[in-house]
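Work through the exercises below with the sequence and the model side by side, and try each task before reading its solution.

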Amino acid sequence: MKALVVVGVVLILAGVASLVTGGFSFTHQKKDVDAGPIQISHESTKHVPVGPIVAGVLIVCGLGLTVVGAKK
């Protein structure tokens, strides 16, 4: 496959996935106390929303790259 087609398909998949999930989450572990053998930490989960406009732009750009890559 050509590189543009592969990148286009990846962008389309990323756009559809962001539409379905509405964003992505990640967990970050922070150390509160580190006093020798005693360690106290906590985890915080953050959610990063991805708007439907961004997902639409990803899908449209992916379709464009796929069409241009297939024509060449």
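**Exercise 1: Ser18 and its surroundings**

Leaving out neighbours within four places in sequence, Ser18 touches Gly23, Val50, Ala55 and Leu58, where contact means heavy atoms within 4.5 Å. The model is a predicted one, in which local features need pLDDT of at least 70 and side-chain atom pairs count only at pLDDT 80 or more, while totals for chains, interfaces and linings use all residues. Residues are numbered from 1 along each chain as its sequence is written, and side-chain values use heavy atoms, with hydrogens and water left out.

Task: state where Ser18 is found, and decide whether Ser18 is buried or exposed.

Solution: Begin with the secondary structure, which places Ser18 in helix 1; helices (H or I, at least four residues) and strands (E, at least two) are DSSP runs, numbered from the N terminus. Then take the relative accessibility of Ser18, which is 9%, so that Ser18 counts as buried; the class buried means under 20% relative accessible area, exposed means over 50%, and partly exposed lies in between (1.4 Å probe, protein chains only).

**Exercise 2: The chain as a whole**

Task: give the order of the elements from the N terminus on, and explain why the chain is described as more spread out than a compact globule.

Solution: The chain has two helices and two strands, and from the N terminus on the elements run α-β-β-α. The radius of gyration is 20 Å, well over the 11 Å that the globule rule gives for 72 residues, so the chain is more spread out than a compact globule; this radius is taken over C-alpha atoms, and the rule is 2.2 Å times the number of residues to the power 0.38. The C-alpha atoms fill a box of roughly 65 × 25 × 10 Å along the principal axes, and 14% of the 72 residues count as buried.
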